[in-house]
Amino acid sequence: MQDSESKTPGASPLVGADNAPLTGGEAEGGDAWTVEQAIAALNHQEPNRRYYAAWWLGRFRVDEPIAVDALIRALDDESDRTADGGYPLRRNAARALGKLGARRAVTPLVKCLDCPDFYVREAAAQALEGLGDSSCASALRGLLVGGVEDTEPIAGKPHLKQPYDAVIEAIGTLGATEALADIEPFINHPIAIIQYAALRAMYQLTGDRVYGDRLIVALGGEDLQLRRSALMDLGAIGYLEAAEPIANTLAENSLKLIALQGILEHHLSQIGDKCLSEEAGKIMKLMDSLL
């Protein structure tokens, strides 16, 4: 999914990476921080402030070596724990590293795939997808061991055993065709979001339009959240045939524009910038109609 956050430090929204409002020390002065202050805040005694600092460094794409080093160290943090044993700082550090493009974070992030915190594993998978280094594909595949049969809900938890959708999407983006047999069974998973992730990855890995067409069908579903998910998946894979169905989907125009932008960018990357194709013109007209 595309990230619309600014790359230039300035006023920041007082919400965290999970869209939760920031309070107390977490938000105090954060919008006026310098890079040095944000990095220093990763060692602050208040957990909320450390959590926010990690978000801030990712939000503003602070890819300076000292920031990357600090975030990598935060992946091993033991001090910030939730009541059920989660690692909030590790989660935000992983998310931030996925936005900074530092390939040296790949190995520490792969290590996070073994973390007992589901949400750290999810954030690590998403970060590895963002970094684009296919050397981590084998580790990601390891989270799919057991297949669909091993994806039952965890008792007392709001999630499954593994963050399957994030893992599958990462594998697809990384172009790991060796994982085709691992992913294909998930296209019929009982949870729609996981189905969509598998369809998205299978299209990326094979180019077979049957997978893209199934995502187009999902645009007509009754659940708005699932339509939104299908929109973003189609935009991520740049499925040209989905342009008009996306424009006609019952969803927010802002999301449809993001999806269409993804398709347009993918199409232009294929044809080059020497000329504007008829297809590109049609997509831009569809985008104009949504403004």
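Is E169 buried or exposed in this predicted model? With a relative accessibility of 17%, E169 counts as buried, because the cut-off for that class is under 20% relative accessible area.

## E169 and its surroundings

E169 belongs to helix α8, which spans residues 164–173. Apart from residues up to four places away in sequence, E169 touches E129, A197, R200, Q204 and D233.

D233 counts as buried, at 3% relative accessibility, and when residues up to four places away in sequence are not counted, D233 is in touch with E169, Y196, A197, R200 and L215.

## The chain as a whole

The chain holds 15 helices and 0 strands. Of its 291 residues, 50% are buried, and the chain exposes about 13900 Å², with carbon and sulfur atoms supplying 51% of that area. Among contacts in the chain with a separation of 6 or more, 61% are accounted for by residues 24 or more positions apart.

## Packing of α4 against α6

Helix α4, covering residues 88–100, packs with helix α6, covering residues 118–131, at an angle of about 10°, and their axes are 7 Å apart. That angle makes α4 roughly parallel to α6, because angles under 35 degrees are placed in this class.

On the α4 side the contact is formed by R90, R91, A94, R95, L97 and G98, which meet Y119, V120, A123, A124, A127, G130 and L131 of α6. By residue type, the contact of α4 with α6 divides into 8 nonpolar, 2 polar and 3 charged residues.

## Two loop residues

R61 sits in the loop between α2 (47–59) and α3 (65–74). The phi angle of R61 is near 50°, which is a positive value in a residue other than glycine. R61 counts as buried, since its relative accessibility is 18%.

L240 is found in another stretch, the loop between α12 (224–237) and α13 (243–247). Its relative accessible area of 30% makes L240 partly exposed. Leaving aside neighbours within four places in sequence, L240 is in contact with I263, H267, E279 and I283, and the C-alpha atoms of L240 and L260, which are 20 residues apart along the chain, are separated by 8.9 Å.

## Cysteines

How many disulfides does the count come to? The count comes to 0 disulfides, the rule being that a pair of cysteine sulfur atoms must lie within 2.5 Å. For C115, the closest cysteine sulfur is that of C112, and the distance of 6.4 Å between the two sulfurs is too far for a bond.

C115 counts as buried, at 6% relative accessibility. C136 is likewise buried, with a relative accessible area of 1%.

Note on methods. Residues are numbered from 1 along each chain as its sequence is written. This is a predicted model: local features need pLDDT of at least 70, side-chain atom pairs count only at pLDDT 80 or more; totals for chains, interfaces and linings use all residues. Side-chain values use heavy atoms; hydrogens and water are left out. Axes are lines fitted to C-alpha atoms, for helices over the stretch in contact, and angles run from 0 to 180 degrees between N-to-C directions. Helices (H or I, at least four residues) and strands (E, at least two) are DSSP runs, numbered from the N terminus. Angles under 35 degrees count as roughly parallel, over 145 as roughly antiparallel, 65 to 115 as roughly perpendicular and the rest as oblique. Contact means heavy atoms within 4.5 Å. Ala, Val, Leu, Ile, Met, Phe, Trp, Tyr, Cys and Pro count as nonpolar, Asp, Glu, Lys and Arg as charged, and the others, Gly among them, as polar. Buried means under 20% relative accessible area, exposed over 50%, partly exposed in between (1.4 Å probe, protein chains only). Accessible areas come from the Shrake-Rupley method with a 1.4 Å probe; for residues, only the protein chains shown count as cover.
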